[in-house]
Amino acid sequence: MLKGRNLVSPDDLSVEELYELMDLARDIIKSPDDYSNVCKNKILGTLFFEPSTRTRLSFESAMLRLGGQVIGFSEAASSSTAKGESLIDTIRTVGSYADILAMRNPKEGSAMLASEYTYVPLINAGDGGHYHPTQTLTDLLTIIENKGTFENLNIGLCGDLKFGRTVHSLLKTMNKFKGNKFYLISPDELRIPSYVMELTFEDGADNFVEVERLEEVIHDLDILYMTRVQKERFFNEADYVRLKDSYILGPEKMSMAKDDMIVLHPLPRVNEIEVAVDSDPRAKYFEQVKNGMYVRMALIMKLLGVCK
Ligand code: CP
């Protein structure tokens, strides 16, 4: 039962609950009109202390398509945070006006802190370089729609695995399903943090490899998850400039991949996928964008405990 709960970390959802969310999202895709009024008189509060296009707008669109309404802010500067109000007071305040909250904040652990004080269900829409569990739901919906399963997949995660919160969440979640193997493709300086590895894999796990060259492994992959080098989390510009173009996926590399490999990317992209790849039928990142709205509709419904 998800009603009344928070979603802070990928561990907050069991495998069974993930399948329930996927089933509901797929039913919404099939029959959207059946859901157009289920959140009448409900309000979503969006608290975005960090920039966003997809996450904020897909949450807002999700609530509006369910017949609910939305309040919120899209930058800290337009809230009383700019006057020094604490996160806890802000969460209590917006939670007095809304029935459910979606929050993005640049500080790792901020969603956990907020969840301890919220009066209404709180959804982590990204906390610094830590987790982004609703992006994972977006990724999962795209995987199940295209691969038909969450099991026995060879999954390549490529790019900024150090700061990439979408990678940390997806890795933890996909490792709950049996038979998956992970290819962690990054420069040495952008490897997955050891705390994420320790929280994800048991001692002695042999279902992952860490490599630096995409070309070495691309032919083995069922899913290639590309990521942007996260400029905003670097401490110095020179390191970012040196690492930003570590991986650029173009038609030549795509020619080395399986015919049914799919390419995912949480977006925004910078240089890491050439525009020429967009017309390749294996490129699914814009399908992912739309799935984000449907899966957030399903999540809002489940956390509010409303049905069609
Ligand atoms: N994928 C994602 O989180 O995109 P935004 O930063 O635009 O929300």
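Is K172 buried or exposed? K172 is buried, with a relative accessible area of 6%, where buried means under 20% relative accessible area, exposed over 50% and partly exposed in between, for a 1.4 Å probe and protein chains only.

The model is predicted, so local features need pLDDT of at least 70 and side-chain atom pairs count only at pLDDT 80 or more, while totals for chains, interfaces and linings use all residues. Residues are numbered from 1 along each chain as its sequence is written, and side-chain values use heavy atoms, with hydrogens and water left out.

A salt bridge is taken as a side-chain nitrogen of Lys or Arg within 4 Å of a carboxyl oxygen of Asp or Glu, and by this rule the count comes to 20. Three of these pairs, among them two that share D11, are listed here.

| Salt bridge | Closest N and O atoms |
|---|---|
| K172 and D11 | 2.4 Å |
| K176 and D11 | 3.8 Å |
| E145 and R26 | 2.7 Å |

D11 is partly exposed at 46% relative accessible area, and K176 is also partly exposed, at 30%. Because K176 lies in the loop between α6 and β6 (181-185) and D11 in the segment before α1, their pair ties together parts that are 165 residues apart in sequence.

Elsewhere, D27, K30, D34 and K308 are linked in a network of salt bridges.

Note on methods:
Helix = DSSP H or I, 4+ residues; strand = E, 2+ residues; numbered from the N terminus.
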